[in-house]
Structures are given as C-alpha cells and as structure tokens.
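Please look over the structure shown here.

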Amino acid sequence: MMKVGIIGVGTVGASVANILRDNKDIITARAGCEITPAIGVVNNLSKDRGVTVELTDDIEKVLNDDSIDIIVELMGGVEKPFEVVKKALANGKAVVTANKALLAYHRYELQELAGETPFEYEAAVAGGIPIINALREGLTANHIQSIRGIMNGTCNYMLTKMINEGVDYETILKESQELGYAEADPTFDVGGFDAAHKLLILGSIAYGIDAKPEDILIEGIQDIAPEDIDFANEFDYSIKLLTIAKKIGSEIELRVHPVFIPNNEMISKVDGVMNGVSVIGDKVGETMYYGPGAGGDATASAVIANIVDIARRGKGSPMLGFESSHGEDLTLMSKDDIQTKYYLRLRVEDKVGVLARVATILGDKNISIEKMIQKPLNRTCAHLLLSTHTSIEKDIVDALNAIEEAGVVTAKPVMIRIED
C-alpha cells in the first residue's frame, strides 16, 4: 500500500482524494498496489471540503509522518510551497505537484534536490493533457523544433467569444469572472503570466533552457479591440494567446503573446476553455495534444497519473527530461532578435500625406507592408490596419516609437504578431 498526503485540499485536492476513493479498483489494478489518500492539509478545518479523508492544519505532521509515501502539493504560490517540497524531498518522500509558479522559478533547484526521488508535475501544464509525459518520454527520439500552445482557458474562452460573437473585451471579462473562469483580479491570466509559467517548464524539458518569467517576452490580451477582430476576419485569421518555443540555430525563442494565426492551422481550431499544444519534432513531424486545461477532475486526473507512475516505477524519471547534458549549447534568444510578421493598428488623422509618412518611417526601419485596410472612425480620424512581411522585433519597436514621435498618430499604436 502507498499512502498519500495532500497538502491543499481545495478544488483539485478534493478531486484527487475522491477519485482515489471512487476509482480505487481500476487505480489499484494499474498501479499494482493500493493507493490511499491518508491525510489532507487545510488552513481552515471548519470548512466542508466534501471529502472523507482525515484533515489537519499541521503541515509538519504530514511531512514528518514516516508512513506517508507521496506528498501531493496543491497549495499555490511560490516560496512557501518551495520550502514544503524541499522538506518533503529531504525526508525521502516522493512529490507530485500541480504548481506551475513554483516550477517556473525553482525547477532546476528542485531537480537537484530530488535526485532519484520521484518528483512529478504533469498537472502543472495544460491540466488534463499529458504534454509533460509526451515531451519527456513519447518524443525522446526527436530534436524538438517548436512548441506552440494555447494554455490558458480563460484567455481562449474570451478570445473565442470576441471573435465568434463580437463581444467586447470588458463585457466578456465580466462574464468570465461571473462564470468562474477569471479571478476577481484577472491579471495573472489575461496578462499572459499563467501561460508563461507553463511555457518555461516546457522549454526546460524540450531544450534544457533555464529562464525565469522576467527573461522572456510576455504580453496579454488586454489591448485586443474590435478593429483587430475585423482584420482577423478579413484575412482568415484567428486570434489566440499563444505560447511559443522555437529552436533557431543555437538559440531558443520563448515568448507568450496574442497572435494572428491562419484558420487552417490545427491549433487555431482550439476554442472556448479548451487547451491545445502543437509539438514539431525533427523525426515525427507535428503532433497535437488537445483537452481540458483546468478543472478539478481533469487536473486531478493528471496528478493521479503521476502517483500511479511512481507506484509502478519506484524510481523517478529525469525530472526535466535529461539524464545528462544533451551536448547542444543552446541559449535564450534576446527579445529584440525575434523575427516574425506583425500587425499594426494606428489611429491617425484622416488627411493627405499621413499614409506616406507612416510608410516612409517603416521603410527607414527595413519594414515592408504586406496588407493594409483603412477604416474611418469619424470625419477627422481613421484606423490604419497594417500587416508587415517578416521583420525584426527591435525594428518594429523602433518604428512604432518613431511614428509616435512624428506626431502622425492620435493614440498609442498597437502591435500584434502574426504566426503564419
């Protein structure tokens, strides 16, 4: 028998305890031994958690209990869970976590501390989608060329409604909060930070890149406007908050931001609260993973899969996918050096010479225009909606600054990248 201690019995923790109870027979058959949720740790013992497992508010009681084989960490946060997990590993206990923020900042330290003690975290990225296992095991024969993921269901739900139903950002944000998809303070989701934490984990598994959130390009969906939706519809694009990891020579791009993506791409068809991840390997080609990225039962399913894997193996898999150095000296690409196509939304005075001035500034920065739409706003102002050929990030940023300084726009320009 293996005994599990669950630290944090919220939505996911309660689901873990209940699934281990309700599906005990099939889990035992697959694991080869009985797995029992022995105790759960909560802050408030008076709150009903809907579980039959024993509860305590004493973390140390669980960490120091020699009969507990596996600690499931579902606390949330970064530094306190880090201390808890470190102590669990020091006491020789296997650890399963769904904590993406913890791993975004401390994954390499935890790998060192864990050694051969099992440390698993499938549920930290894309909920019920087994993308960690796919990268660490299913695709081990491949050099990973790129990963593109829709890994925040809140943003994907909002963008889907904005595109398909014409709902404006503020209205759909309020609806998402009422439905429980978005928090009262939605910044972590809509600002791209939740997705960025997940991307960093995948980047380490695929490429061995040790980066922190502040090292990479992160932008959210707050500036998406109806004009951008119109442009997307006009040229057969979807708008998605995309996580991108891409190998370019000996450098790795890691970035999270809204993108225009052609509607014929598989990942563009991932709508609503669902998540999707596209991985391209040099031998297998493109593989696509789709499913629920959040929710109690879906996330708990991934947690329990890790528990079963630990029961089967006894010894942990390489936490970040490599038993030893993979021989490539890969470095993180500077944000300034990213190359892609760009969409620009410029609010300008509707008068002769403005378009020529914009085109001249872009040309001076080696940026050429591919498509353009002009939409009148009133008798004196219009929106210029432009897309460029492939350009360098620094050139685009410099050009937008120059356009502002030249006084040809009446509002701050908006830029969205295009992934063809």
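The structure holds seven aromatic pairs. Rings of Phe, Tyr and Trp (its six-membered ring) pair if their centres lie within 6.5 Å; planes under 30 degrees apart count as stacked, over 60 as edge-to-face and the rest as tilted. This is a predicted model: local features need pLDDT of at least 70, side-chain atom pairs count only at pLDDT 80 or more, while totals for chains, interfaces and linings use all residues. Residues are numbered from 1 along each chain as its sequence is written, and side-chain values use heavy atoms, with hydrogens and water left out.

Two of the pairs are set out here.

| Pair | Centre to centre | Angle between planes | Type |
|---|---|---|---|
| Tyr-157 and Tyr-181 | 4.9 Å | 65° | edge-to-face |
| Phe-260 and Tyr-343 | 4.7 Å | 65° | edge-to-face |

Take the pair of Tyr-157 and Tyr-181. Tyr-157 lies in helix H7 (residues 153–165), and Tyr-181 is in the loop between helix H8 (169–179) and helix H9 (187–190), so the pair ties together parts that are 24 residues apart in sequence. Helices (H or I, at least four residues) and strands (E, at least two) are DSSP runs, numbered from the N terminus. Tyr-157 counts as buried because its relative accessibility is 12%. Tyr-181 has a relative accessible area of 36%, so it is partly exposed. Buried means under 20% relative accessible area, exposed over 50%, and partly exposed in between (1.4 Å probe, protein chains only).

The pair of Phe-260 and Tyr-343 links distant parts of the chain, 83 residues apart. Phe-260 is in strand E10 (residues 251–262), and Tyr-343 is in strand E14 (residues 339–349). Both Phe-260 and Tyr-343 are buried. Ring pairs also join them into a cluster with Phe-231, Phe-235 and Tyr-237.

Phe-235 has a charge over its ring. The charged end of Lys-371 sits there, 5.4 Å from the ring centre. A charge sits over a ring if NZ of Lys or CZ of Arg is within 6 Å of the ring centre and within 35 degrees of the ring normal.

**The nonpolar cores**

Which residues have the most contacts inside the largest nonpolar core? They are Phe-119, Tyr-121 and Ile-131, in a core of 83 residues. Helix H10 (residues 193–207) gives this core its largest share, nine residues. A second, separate core has 31 residues, among them Val-9, Ile-19, Ile-304 and Val-308. A nonpolar core is a set of buried Ala, Val, Leu, Ile, Met, Phe, Trp, Tyr and Cys residues joined through side-chain atoms within 4.5 Å. In soluble globular proteins, nonpolar side chains tend to be buried together.

Beyond four places in sequence, Ile-131 is in contact with residues including Leu-202, Val-277, Val-279 and Tyr-289. Contact means heavy atoms within 4.5 Å. Ala-126 is another of the residues in contact with Ile-131. Ala-126 lies in the loop between strand E6 (119–120) and helix H6 (131–138). At 1% relative accessibility, it counts as buried.

**Positive phi**

Ala-126 has a positive phi of about 60°, although it is not a glycine. Asp-236 likewise has a positive phi, near 60°. Asp-236 sits in the loop between helix H11 (226–234) and strand E9 (237–248). Is Asp-236 buried or partly exposed? Asp-236 counts as partly exposed, at 48% relative accessibility. Most residues other than glycine have a negative phi.

**Two buried strand residues**

Thr-97 lies in strand E5 (residues 94–97). Its relative accessibility is 0%, so Thr-97 counts as buried. The Thr-97 side chain makes a polar contact with the side chain of Glu-73 at 2.6 Å. It also reaches the backbone nitrogen of Asn-99 at 3.0 Å. A polar contact is a pair of N or O atoms within 3.5 Å; within protein, one must be able to donate a hydrogen and the other to accept it, and residues adjacent in sequence count only if both atoms are side-chain atoms. Beyond four places in sequence, Thr-97 touches residues including Leu-102, Phe-119 and Tyr-121.

Ala-245 lies in strand E9. It counts as buried, at 0% relative accessibility. Its C-alpha atom is separated by 10 Å from that of Met-333, 88 residues apart along the chain. Among the residues that Ala-245 touches beyond four places in sequence are Gln-145, Leu-199 and Tyr-207.

**Cysteines**

How many disulfides does the structure hold? It holds zero. A disulfide is a pair of cysteine sulfur atoms within 2.5 Å. Cys-155 is buried, with a relative accessible area of 0%. Cys-381 is buried too, at 10%.
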